[in-house]
Amino acid sequence: MEKRKRVAILDRLLVREVLKTLAVILLILLLVLLASHFVKLLGRAAAGTLVPDAVLSLLGLQAIKVTGVLLPPSFFFSLLWVLGRMYRDGEMIALQASGVGPVRIYRATLLLAVPLALLAGLLTFVALPWANAGIERVKFAQQDAADISGVRPGRFNEFDRGRVVIFTEGISPDGRRLQHVFVQDRQHGRAGVVVADEAYQVNDRNSGDRFVILADGARYEGTPGQADYRIARFHEYALRLPKLDLGVHRLRVGARSSGDLWHSDTLAARAELQYRFSVPTAVLVFALLAVPLARSEPRRDVYGRIGLAVLVYFVFMNLQRIAERWMELGAVPAWLGMWWVALLMVLVAGLIVLLDSHWLAGQLRRRRAARVG
């Protein structure tokens with residue numbers, strides 16, 4: 001009964017300390033990444049390539065996108081922090097003297113790692129493609145949909161992927177009308193240029209279409225170098241803005257749902273699905289790696305192996321990228337996928353445990369004694 005009580009206390013202690021440290025590390029990483037992304041979004045908004053109203057939406061989608069990806073490294077380094085501190089303060093020595101061995105430490109670690117792996121799987125299989133799809137839709141909306149509120153005077157503003165180009169010398173004080181406007185577009189396969197004194201935007205309530213109304217100008221239509229130009233002068237000229245038509249086929253593979261990827265036979269879809277599997281798998285792999293890598297002598301530097309842990313982490317992440325790239329190129333069979341990276345790291349964890357084991361130390365002492373004798 002007494003031993004079970006100590007075991008329950010160990011589980012609660014480890015889970016509580018790791019979760020607190022995990023929350024701090026994850027929050028710091030999120031703030032750093034989102035701050036950098038926020039600066040980029042503000043720069044795009046200031047340059048006129050992004051509607052200011054979309055900045056916060058993109059920032060929120062980016063936070064959802066990276067949370068699942070940041071969970072494995074945050075869990076890894078939080079485990080290293082907590083277990084390393086326990087070694088430094090001699091708590092591990094006391095636990096070992098009470099009969100708590102490495103197997104029991106692994107059990108307490110996996111007690112937390114398994115739910116976190118399930119959470120990481122939920123974030124990568126569901127939240128990640130949803131966030132990527134949202135980001136893609138905002139980007140397509142910026143590229144494909146023209147809106148004169150995003151037109152900047154004194155520069156050529158491209159809309160509808162370059163099919164519509166608008167230049168204006170200035171904007172009215174209320175910001176609703178463009179002054180001295182130049183528009184180049186293509187209608188019925190013929191390029192045309194429209195010059196007008198001013199322009200403003202209206203929405204058709206019945207159809208939902210948007211129109212740019214050009215006032216007091218002329219339209220020049222024809223082929224450059226030929227004498228078949230047509231000139232039409234107008235008091236008002238309506239230019240319909242293209243509607244955004246988003247389908248699944250236009251979304252990149254990272255924004256497609258996991259169900260679509262599962263039923264797809266393309267190499268890119270298989271690689272993306274394997275990548276999503278690798279995120280929750282990384283949580284379990286890091287749990288196995290953190291226990292031996294956190295080991296240190298009492299009263300020594302708490303993070304004697306932190307350099308090795310960082311090296312192992314970067315090797316693991318780079319191997320995952322290489323494995324994903326190999327899958328996209330078809331350099332490895334589909335059944336192998338990216339699983340070999342996780343298996344390799346499990347072998348590394350086993351090797352570190354073996355090097356730290358009393359059995360190996362005893363074998364080496366016996367060999368040295370045999371040589372001396």
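Me: Where is the place of Leu110?

Reply: Helices are DSSP runs of H or I of at least four residues, and strands are runs of E of at least two, numbered from the N terminus. Leu110 lies in helix α4. The model is a predicted one, in which local features need pLDDT of at least 70 and side-chain atom pairs count only at pLDDT 80 or more, while totals for chains, interfaces and linings use all residues. Residues are numbered from 1 along each chain as its sequence is written, and side-chain values use heavy atoms, with hydrogens and water left out.

Me: Is Leu110 buried, partly exposed or exposed?

Reply: Buried means under 20% relative accessible area, exposed means over 50%, and partly exposed lies in between (1.4 Å probe, protein chains only). Leu110 has a relative accessible area of 31%, so it is partly exposed.

Me: Which residues form a nonpolar patch on the surface?

Reply: Patches are made of residues with over 30% relative accessible area and no salt bridge; like charges are joined within 9 Å, and nonpolar side chains (Val, Leu, Ile, Met, Phe, Trp, Tyr) within 5 Å. Here the nonpolar patch consists of Leu110, Val114, Leu118 and Leu284, with about 330 Å² of accessible area together. Such areas come from the Shrake-Rupley method with a 1.4 Å probe, and for residues only the protein chains shown count as cover. Helix α4 (residues 102-144) gives the most to this patch, with three residues.

Me: How many aromatic pairs does a search of the whole structure find?

Reply: Rings of Phe, Tyr and Trp (its six-membered ring) pair if their centres lie within 6.5 Å; planes under 30 degrees apart count as stacked, over 60 as edge-to-face and the rest as tilted. The search finds ten aromatic pairs. One of them joins Phe286 and Phe316 edge-to-face, at 5.1 Å centre to centre with 75° between the planes. This pair links distant parts of the chain, since Phe286 is in helix α6 (residues 267-293) and Phe316 is in helix α7 (residues 306-329), 30 residues apart. Phe286 and Phe316 are both buried.

Me: Why is the pair of Tyr313 and Phe314 edge-to-face?

Reply: The ring centres of Tyr313 and Phe314 are 5.3 Å apart and their planes stand at 70°, so the pair is edge-to-face. Tyr313 is buried at 14% relative accessible area, whereas Phe314 is partly exposed at 48%. Phe76, Phe77, Phe286, Tyr313, Phe314 and Phe316 form one aromatic cluster.

Me: How many salt bridges are there?

Reply: Side chains of opposite charge can pair when their charged atoms come close. A salt bridge is a side-chain nitrogen of Lys or Arg within 4 Å of a carboxyl oxygen of Asp or Glu. By this rule the count is three. Among them, Glu272 and Arg276 meet at 3.1 Å, N to O. Both residues lie in helix α6, four residues apart, about one turn of the helix. Glu272 is buried at 9% relative accessibility, and Arg276 is buried at 0%.

Me: Which residues do shared partners join into one network?

Reply: Salt bridges with shared partners join Arg16, Glu17 and Lys20. The closest N and O atoms of Arg16 and Glu17 are 3.9 Å apart, and Glu17 meets Lys20 at 3.5 Å. Because Glu17 and Lys20 are three residues apart in helix α1 (residues 2-47), about one helical turn separates them.
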